[in-house]
Amino acid sequence: MTLSDAAILSWWWSAWRRGDASLDDAVDALDGFHQFVGLPGHREPVGPVFAFAALRDLGATSAGLALPDDGDPLGLGGPAAFNRAALEAREGVVLAGAEMGLVPHRAGHGVTWSLLPAQRRQLPDLGEADRGLRLTLAQTAHHFDGRNLGHDHPDLADALLDLRRRDPLPAPPGTPGACVELAARGLQAFTISTLAPLEELRALAAAARRALVAACSPEVWPPAS
């Protein structure tokens, strides 16, 4: 299980911006070849080293995750062009302080990020997202308890029986432990929701997306102590 491109960029760009991660480490954390288009003053695509600085110069203070789905524009506050692009990609990054956002397009091992005007939609806080995920996971496990999934959906059956086993997520320095843990559980839950085309798993997918958005959006994190 790995975080999406937008989640990784949100975590690592924010860590670099607040001084917790070096530029080299933040760029190395991105998976594959990345280029950025639409940055002011750059007609051609640019790499992450130049893009990171350009986004900072736009006034961005942190990068936060958006994970929209049909009928649920989670993390998106417009305008329409950004919402459409992020919905098509099923993810995006909103740059707090800059009124801009990034939408990824992955092709093979490469990712092209498009910079567009963007606004933020109100987000769930960590506690709300955590409680919602725990409740929905419990309800999902209870719903399928005793149901014979082994024949039609063996992977789903195994996953629901082994909820305590999760791979650790590599997080940048300065990421609160509660956010790392919530992101890991959110990723696990979202993966489970994709194992079978069952209507009963839609609520789990929605709760997982909210958990991931809260965990990967520093603007809703508690102040550092």
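Student: Why is Arg 90 called partly exposed in this predicted model?

Tutor: Arg 90 has a relative accessibility of 35%, and since buried means under 20% and exposed means over 50%, the value falls in between, so Arg 90 counts as partly exposed.

Student: Where does Arg 90 lie, and what is its phi?

Tutor: Arg 90 sits in the loop between α4 and β3 (92–96), and its phi is positive, about 65°, although Arg 90 is not a glycine. Most residues other than glycine have a negative phi.

Student: What makes Glu 99 exposed?

Tutor: The relative accessible area of Glu 99 is 52%, and the cut-off for exposed is over 50%, so Glu 99 is classed as exposed. Glu 99 belongs to the loop between β3 and β4 (100–107), and its phi, near 55°, is a positive value in a residue other than glycine.

Student: How do you know whether the peptide bond from Gly 78 to Pro 79 is cis or trans?

Tutor: Its omega is near -10°, and the bond is cis. Pro 79 is placed in the loop between β2 (62–66) and α4 (80–89).

Student: How do you know whether the radius of gyration of the chain agrees with that of a compact globule?

Tutor: For 225 residues, a compact globule would have a radius of gyration near 17 Å, and the chain has 18 Å, so the two agree. The C-alpha atoms fill a box of roughly 60 × 40 × 30 Å along the principal axes, and buried residues make up 45% of the 225 residues.

Student: What is a nonpolar core here, and which residues of the largest one touch the most other members?

Tutor: The term covers buried nonpolar residues joined through side-chain atoms within 4.5 Å; the largest such core has 65 residues, of which Leu 9 and Leu 95 touch the most other members. Helix α1 (residues 5–17) gives the most to this core, with nine residues. Apart from it lies another core, of seven residues, including Phe 82 and Val 103. In soluble globular proteins, nonpolar side chains tend to be buried together.

Student: Which residues does Leu 9 touch, leaving out those up to four places away in sequence?

Tutor: With contact taken as heavy atoms within 4.5 Å, Leu 9 touches Ser 14, Leu 30, Phe 36, Phe 52, Val 93, Leu 102 and Trp 113. Across the chain, residues 24 or more positions apart account for 66% of the contacts with a separation of 6 or more.

Terms used: Residues are numbered from 1 along each chain as its sequence is written. This is a predicted model: local features need pLDDT of at least 70, side-chain atom pairs count only at pLDDT 80 or more; totals for chains, interfaces and linings use all residues. Side-chain values use heavy atoms; hydrogens and water are left out. The radius of gyration is taken over C-alpha atoms; the globule rule is 2.2 Å times the number of residues to the power 0.38. Buried means under 20% relative accessible area, exposed over 50%, partly exposed in between (1.4 Å probe, protein chains only). Helices (H or I, at least four residues) and strands (E, at least two) are DSSP runs, numbered from the N terminus.
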